[in-house]
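Dear colleague,

Please find below the structure that I am handing over to you. My notes on it follow directly after.

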Amino acid sequence: MSPTFRAFKVRNFRLYAAGAIVSNVGTWMQRVAQDWLVLELTHSGAALGIVTGLQFLPALLLGPYAGVLADRFPKRQLLTMTQIAMGSVALLLGGLTVAGVVQPWHVYLLALVFGIGTAFDAPARQAFVVEMVGKDELANAVGLNSASFNAARLLGPGLAGVLINFIGTGPVIMINGITYVAVIVSLRMMRVSELHTPKPATREKGMIRDGMRYLWRRPDLMMVLVAVFFAGTFGLNFQMTSALMATEAFHKGAGEYGILGSILAIGSLSGALLAARRVRIRARLVIGAAIAFGIAEVISALMPSYLTFALVLPIVGLTSLTMLTSANATMQLSIEPTMRGRVMALYMTVLMGGTPIGGPFIGWIGEVLGARWSLIVGGGLTVLGAVGSVLYFSRRRGLAIRPRLLPRPHLEVLPQTELLGEKAVLEAAEAPNRTSRYAEPA
């Protein structure tokens with residue numbers, strides 16, 4: 001089997017991946033259909049923002065609690081329950097739309113309920129991957145999961161657009177509700193005896209606080225977390241920044257904007273597949289990819305035409321997915337099994353939690369200074385956040401970082417004690433010269 005797809009040798013993961021690709025396509029279909037429904041009902045861009053905010057809010061507020069549940073209960077059962085909940089919400093929204101009785105407040109309320117399901121689904125789903133494949137194939141499985149999501153991103157929106165024209169918005173949303181059955185069936189068909197299930201965490205007071213304390217005592221993980229926070233808050237605003245560039249910088253329409261999303265997804269899919277080939281993941285890859293992503297985003301802002309901008313986008317997508325997949329694998333491989341749910345919940349909260357701050361800020365930058373500056377500022381802050389994270393948390397770990405040009409440009413990481421030792425050797429070597437220069441002649 002190709003190294004890119006080696007996690008598929010695990011039967012449970014094959015089942016999971018088959019259900020996930022069906023569900024991911026349905027998810028992207030519903031995103032397009034739901035946005036279209038909101039515009040049909042309200043003709044308001046602000047309403048779209050409200051729906052997005054309501055769907056995102058539970059992940060920010062409930063994520064840590066969801067992580068506790070993921071550590072305390074079997075993740076396979078939790079995922080089955082979340083799939084049933086989210087599928088039911090999609091079927092209800094689709095049914096209201098087909099019946100012609102749907103109102104904006106229905107969409108708002110169901111978006112909030114759907115977000116609650118997503119908040120409890122995310123940490124359990126992230127932590128369940130290692131239980132299916134074990135630590136040896138975790139990096140590959142994380143990459144394949146990202147590849148599945150981005151392949152669905154290429155297929156789902158276009159399929160939704162075609163189906164909306166033929167069968168309407170409501171049936172498309174109901175189709176997504178049905179796709180959750182694929183995940184439920186795959187979960188039920190798994191062989192429980194082949195899962196690497198850790199001992200559940202016992203119920204104790206302060207479990208969320210314990211997860212935060214655990215992270216703070218791990219500067220290697222905090223370094224990754226801070227870099228991901230800056231990227232997620234200021235850099236990963238593709239839908240908004242691409243729309244601003246397409247309409248304001250290049251004066252294009254909705255069709256050209258949609259093409260940019262597909263081009264970006266091609267780069268993201270490539271990054272996910274490349275990540276799947278890696279056997280060993282290091283934190284330095286996360287930092288390097290974050291810096292490369294920020295630089296690529298700044299470069300894209302400087303492109304003079306729509307075509308050159310589109311040509312740079314795959315690099316932006318590739319570097320961003322390399323950062324995200326390597327960060328995910330680094331976090332999971334470096335933590336205790338009984339802490340995995342809580343830590344991954346905090347990771348997802350950090351990744352998405354800055355969006356309500358970063359999104360409006362980057363949007364304001366684009367409105368005041370122009371579309372290009374939204375990318376320049378977002379990419380620049382991503383680079384600064386990654387570099388600052390390395391400098392601060394490396395010092396906490398007792399490490400020193402220095403640039404090296406040969407045999408290739410790279411950053412060399414050394415214990416500070418070793419660096420001080422080298423410095424002492426150099427000073428000792430120079431000592432006779434200094435003495436002979438200033439000493440009085442005999």
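**Salt bridges**

Arg6, Lys9 and Glu137 are joined in a network of salt bridges, a salt bridge being a side-chain nitrogen of Lys or Arg within 4 Å of a carboxyl oxygen of Asp or Glu. Please note that this is a predicted model, in which local features need pLDDT of at least 70 and side-chain atom pairs count only at pLDDT 80 or more, while totals for chains, interfaces and linings use all residues. Residues are numbered from 1 along each chain as its sequence is written, and side-chain values use heavy atoms, with hydrogens and water left out.

The structure contains 7 salt bridges. In one of them, glutamate 137 pairs with arginine 6, and the closest N and O atoms are 2.9 Å apart. This pair connects distant parts of the chain, 131 residues apart: glutamate 137 lies in the loop between helix H4 (104-133) and helix H5 (138-167), and arginine 6 lies in the segment before helix H1 (11-42). Helices (H or I, at least four residues) and strands (E, at least two) are DSSP runs, numbered from the N terminus. Both glutamate 137 and arginine 6 are buried; buried means under 20% relative accessible area, exposed over 50%, and partly exposed in between (1.4 Å probe, protein chains only).

A further salt bridge is formed by arginine 213 and aspartate 210, whose closest N and O atoms are 2.9 Å apart. Because these two residues are 3 residues apart in helix H7 (residues 207-216), about one helical turn separates them. Arginine 213 has a relative accessible area of 33% and is therefore partly exposed.

Arginine 191 and glutamate 194 also form a salt bridge, with the closest N and O atoms 3.1 Å apart. Arginine 191 counts as partly exposed because its relative accessibility is 41%. Glutamate 194 is likewise partly exposed, at 35%.

**Nonpolar surface patch**

Leu91, Ile178, Val181, Val185 and Met189 make up a nonpolar surface patch of about 420 Å². Patches are made of residues with over 30% relative accessible area and no salt bridge, with like charges joined within 9 Å and nonpolar side chains (Val, Leu, Ile, Met, Phe, Trp, Tyr) within 5 Å. Areas come from the Shrake-Rupley method with a 1.4 Å probe, and for residues only the protein chains shown count as cover.

Helix H6 (residues 169-188) supplies the largest share of this patch, 3 residues. Leucine 91 belongs to helix H3 (residues 75-99), and its relative accessibility of 36% is why leucine 91 counts as partly exposed.

Serine 23 sits in helix H1 and, at 5% relative accessibility, counts as buried.

**Helix packing and a loop residue**

Helix H8 (residues 219-235) packs with helix H12 (residues 306-333) at an angle of about 150 degrees, and their axes are 10 Å apart. H8 is therefore roughly antiparallel to H12. Axes are lines fitted to C-alpha atoms, for helices over the stretch in contact, and angles run from 0 to 180 degrees between N-to-C directions; those under 35 degrees count as roughly parallel, over 145 as roughly antiparallel, 65 to 115 as roughly perpendicular and the rest as oblique.

Histidine 251 is placed in the loop between helix H9 (238-249) and helix H10 (254-277). Histidine 251 is exposed, with a relative accessible area of 65%.

Yours sincerely
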